[in-house]
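Please brief me on this chain. Cover its strands, its cores and its aromatic rings.

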Amino acid sequence: MRRSSILGSGSNHEHTSPPPCTLLSVGQAFSGTQNVSILQKDEAWRVNVRIQGCDLNHGYLCGTMEALDVPMADSPVVTFWEGEIVDTKNHTFFTGKWEAKPEDDIRHWTKFPSFSPLLSKVEVDGGRYLDLSNYPCIFMRWKEQYFVNVGTDCGLTIAGFYYVCFSCSDGSINGFYYDPNSSPFQKLELKSTNEGRLGFIFSSL
């Protein structure tokens with residue numbers, strides 16, 4: 001949300017799912033910040049995220065995002081989001097909607113250092129034939145769908161979406177918000193708050 005104002009190849013490649021990660025299962029919580037640049041002024045909102053549903057076979061997950069310290073909001077702002085897991089079976093690195101062109105995708109994915117080894121393949125066809133089954137990160141897109149506890153007049157917009165990179169090793173999440181009408185590259189940084197939980201299994205809806 002923002003304030004208003006390595007590689008496989010060949011056409012016969014067998015698609016494989018990203019590595020199952022316990023820290024991305026239903027019920028997992030994350031906490032951190034989103035940096036927002038407004039009128040040349042940098043602000044940081046505290047953000048809490050919780051995974052509500054996850055279906056690895058279909059490259060889908062969903063959850064809630066709570067933004068605190070939001071100017072002009074009397075209470076924390078909670079949104080419901082749905083996500084696409086880039087698995088090259090259900091979703092590639094090319095978004096194909098939400099006003100994002102392939103060049104927008106490349107510009108945002110390359111902000112993640114772990115994406116670098118994938119770049120040459122993704123530039124060709126969105127990485128359609130990449131094998132990500134043993135990749136140390138899971139790439140996703142999160143799109144907020146609606147406000148949960150406030151109205152649309154809360155001073156925020158959810159027109160854009162997040163490019164997200166999840167680390168399977170420590171459960172950290174980094175993301176960049178994209179909306180052609182907002183300041184570019186607003187960064188989301190989250191850490192898992194469930195470090196003591198075990199599982200590394202995706203739950204189906």
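**Briefing: strands, cores and rings**

In the hairpin of β8 and β9, five residues lie between the strands, and G171 takes a positive phi near 75°. This is a predicted model: local features need pLDDT of at least 70, side-chain atom pairs count only at pLDDT 80 or more, and totals for chains, interfaces and linings use all residues. Residues are numbered from 1 along each chain as its sequence is written, and side-chain values use heavy atoms, with hydrogens and water left out.

**Overall layout**

- The chain has two helices and ten strands. Helices (H or I, at least four residues) and strands (E, at least two) are DSSP runs, numbered from the N terminus.
- Along the sequence the pattern reads β-β-β-β-β-α-α-β-β-β-β-β.
- Of the 205 residues of the chain, 51% count as buried. Buried means under 20% relative accessible area, exposed over 50%, and partly exposed in between (1.4 Å probe, protein chains only).

**Strand β8 and its partners**

- β8 pairs with β6 in the antiparallel sense over six bridges. Two strands pair if DSSP finds at least two bridges between them.
- The bridge partner of C137 in β8 is S167.
- β8 also pairs with strand β9 (residues 173-178), antiparallel, over six bridges. Here C165 has N174 as its bridge partner in β9.
- Seven of the seven residues of β8 are buried.
- In a regular strand the side chains alternate between the two faces of the sheet. Both faces of β8 are covered: F161, Y163, C165 and S167 lie on one side, Y162, V164 and F166 on the other.

**Nonpolar cores**

- The largest nonpolar core has 23 residues, of which L61, M140, W142 and F166 touch the most other members. A nonpolar core is a set of buried Ala, Val, Leu, Ile, Met, Phe, Trp, Tyr and Cys residues joined through side-chain atoms within 4.5 Å.
- β3 (41-55), β4 (60-68), β5, β6, β8, β9 and β10 (186-192) each supply at least two residues of this core. β3 gives the most, with four residues.
- Apart from this core lies another, of 19 residues, among them A100, W109, F115 and C165.
- Beyond its neighbours within four places in sequence, L61 has contacts that include L24, I51, W81, M140 and W142. Contact means heavy atoms within 4.5 Å.

**Aromatic rings**

- The structure holds 20 aromatic pairs. Rings of Phe, Tyr and Trp (its six-membered ring) pair if their centres lie within 6.5 Å; planes under 30 degrees apart count as stacked, over 60 as edge-to-face and the rest as tilted.
- The ring centres of W98 and F161 are 5.0 Å apart and the planes meet at 50°, so this pair is tilted.
- W98 lies in the loop between β5 (77-85) and α1 (102-109), and F161 in strand β8 (residues 161-167), so the pair ties together parts that are 63 residues apart in sequence.
- W98 is partly exposed at 26% relative accessibility, whereas F161 is buried at 0%.
- W109 and F139 have ring centres 5.8 Å apart and planes at 85°, so this pair is edge-to-face.
- W109 lies in helix α1 and F139 in strand β6 (residues 137-147), so the pair ties together parts that are 30 residues apart in sequence. Both W109 and F139 are buried.
- Ring pairs link a cluster that includes F93, W98, W109, F139, F161 and F185.
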